[in-house]
Amino acid sequence: MLLLLLFAASTLLVVYLRWNYTHWQRKGFPYIEAKTPLGVLYSVVKRQRSFGMAIYDAYKSSKEKVVGIYLLTRPALLVRDAQLARDVMTKDFNSFHDRGVYVDEEKNPMSATLFALKGSKWKTLRTKLAPSFTSGKLKGMFGTIEETSYRMINHLNNILPDNGSAEVELKEISSTYAVDIIASVIFGLETNSFEDPNNLFYSVSYTANQPTFKSVLRGTCSVLYPNLEKFFVMLGCRDEASETMKDIARKTIEYRENNNVIRRDMLQLLLQLRNAGKINTDDNEWSVETAADAFKSMSVEMIAAQLFIFYLGGFDTTSSVISFTIYELSQYPELLAKANREVEETLAKYEGKLSYECLQDMKFLDLCLMETVRKYPGLPILNRECTEDYQIPNSKMVIKKGTGIIISLFGIHRDPEYFPDPLRYDPERFLEENMNYNPVGYMPFGEGPHHCIAQRMGKLNAKVAIAQILTNFEIEIRDKPTEIEVDNYSVVLVAKGGINVRLSKKKIN
Ligand code: HEM
């Protein structure tokens, strides 16, 4: 009897799966056939490709504007056409206003992040948080960013010989810098992970980034099977990293409130939002005033959730921009010379002080950053969920509500149709007089109302580090230009074997 039941269940499962994998055929969309029950994620499960690279493979294997794919068992639509991708994220935002990832504000407040929240809840929070990322606020936090950059320079000075050069792995170093920036500028903690790599914040971030079976499973469920993630949470399975981050945030908030501490960081702005209902638009005013009715507009968990997503959003992306930029400059002597000259001349103009204004004046470095996030978009994919049936312009195809939308940012940014000679690192393609690309395809920070809220901060943090490295060290030109290989784990781009460059101390005249 048991055998019979098992047989019937397996037959039903096979029939269901077969039927499931005809989804796109039945809907009349071009599609990539699911050769195995894993769809386009076969290579990810086999640990041959990362998620972003598997989607890139799918992007390359088709020429259609849109193509139906299967992410494990879940049908999703890969939008290959950059104009349509833009429309989805901007003009037709009303039909695609969510990302469709796991969120459960009530049972798991730490999931209620700006990234995951839906509809009006997301919109209200986004409107409230936006004033924290203005250039005025960033200028206020600049001192803390600069201080962290000096710690990175000290560390490099300690590990490099006084004479001659040495190879350093830059990804690890820029990641430590990025963690410390987030710890200090976002969480308001005094950490120096270069000297004390065992500090709690650094350890939690290290754990959060380990691709263990559990973290991969939970991450996959959060994106592809949100209801399954809800079930895990219901069973009491919590994410340790996010719980520790919550504790850190709670203790810091309590300490600040009990001791009237005022610090120029993101936590301070969130406390303003919590106690006064809004962030003070006066860039010089960082104190926290409590509204007359003492209404707390945000719970501690809600604040911690935003701090945690700022950590997740800012950590790998920032360190990638720094390390990939230095790596690429080490392959192009003329570009490196130009970058060095600019840093030297601009610093001289500002009497050797790397101020906020001085950095704004380094225009060639801006072009380098633009080209780095073109060739290496920190997030190689963008995603949305269709929230209202949508007819694709000039076609009969209708995307049904609930369909997951995937955009291969890596694919579009490396497609010669949008960017000629895409593997060439060419910052000057962004100069108006040279513009040799189709700007429709350029969206390194996403597009539309969901675009990266901290784009300015991400660029600033990376630019400070790059300018500091150029100021203090000689970067040795590589003998043989080599393309970086992307590692087979992590949703964000991670270089296989790290990013190795040879540096030497600059001789001071
Ligand atoms: C150079 C560094 C960075 C890059 C390349 C980058 C890239 C991106 C991209 C591609 C998205 C998705 C946008 C979309 O779906 O349209 C995004 C969203 C987001 N990023 Fe960044 N990011 C960077 C730095 C940061 C930093 C430093 C933070 C936090 C302090 C941050 C916080 C966020 C958040 C909260 C979102 C979700 C916004 C929303 O849905 O409303 N990012 N980022």
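**Entry 1: Glu-146 and helix 7**

I began with Glu-146, which is found in helix 7. I note that helices (H or I, at least four residues) and strands (E, at least two) are DSSP runs, numbered from the N terminus. The model is predicted: local features need pLDDT of at least 70 and side-chain atom pairs count only at pLDDT 80 or more, while totals for chains, interfaces and linings use all residues. Residues are numbered from 1 along each chain as its sequence is written, and side-chain values use heavy atoms, with hydrogens and water left out.

Is Glu-146 buried or exposed? Glu-146 counts as buried because its relative accessibility is 10%. Buried means under 20% relative accessible area, exposed means over 50%, and partly exposed lies in between (1.4 Å probe, protein chains only). I then looked up the contacts of Glu-146, leaving aside neighbours within four places in sequence, and found Lys-353 and Leu-354. Contact means heavy atoms within 4.5 Å.

Helix 7 (residues 135–159) lies across strand 3, strand 8 and strand 9, and runs at about 75° to strand 8. For such angles, axes are lines fitted to C-alpha atoms, for helices over the stretch in contact, and the angles run from 0 to 180 degrees between N-to-C directions.

In what order do the strands of the open sheet stand? The order of its 3 strands is 3-9-8, with antiparallel pairing. Strand 3 (165–169) and strand 8 (473–475) are the edge strands, as each pairs on one side only. Neighbouring strands of this sheet are turned by 40° against each other on average, direction ignored. Two strands pair if DSSP finds at least two bridges between them. Between strand 8 and strand 9 (residues 500–505) I recorded 3 bridges in the antiparallel sense. Phe-473 has Lys-505, in strand 9, as its bridge partner.

**Entry 2: Helix 5**

How many of the 8 residues of helix 5 are buried? In helix 5 (residues 82–89) the number is 7, and the helix is mostly covered. Among the buried residues I listed Leu-84, Arg-86, Asp-87 and Met-89. The buried residues of helix 5 pack against several elements, including strand 1, strand 2 (74–79), strand 4 (381–385) and helix 18 (409–413).

**Entry 3: Glu-64**

Glu-64 lies in the loop between helix 4 and strand 1 (66–71). Glu-64 counts as partly exposed because its relative accessibility is 41%. Not counting residues up to four places away in sequence, Glu-64 touches Pro-30 and Arg-80. I also noted that Glu-64 and Val-79 are 15 residues apart in sequence and, C-alpha to C-alpha, 8.6 Å apart in space.

**Entry 4: Two residues with positive phi**

Arg-47 is not a glycine, yet its phi is positive, at about 60°. I located Arg-47 in the loop between helix 3 (42–45) and helix 4 (51–60). Why does Arg-47 count as exposed? Arg-47 does so because its relative accessibility is 52%.

Glu-351, also not a glycine, has a positive phi of about 55°. Glu-351 is found in the loop between helix 15 (333–349) and helix 16 (356–360). Glu-351 is exposed, with a relative accessible area of 77%.
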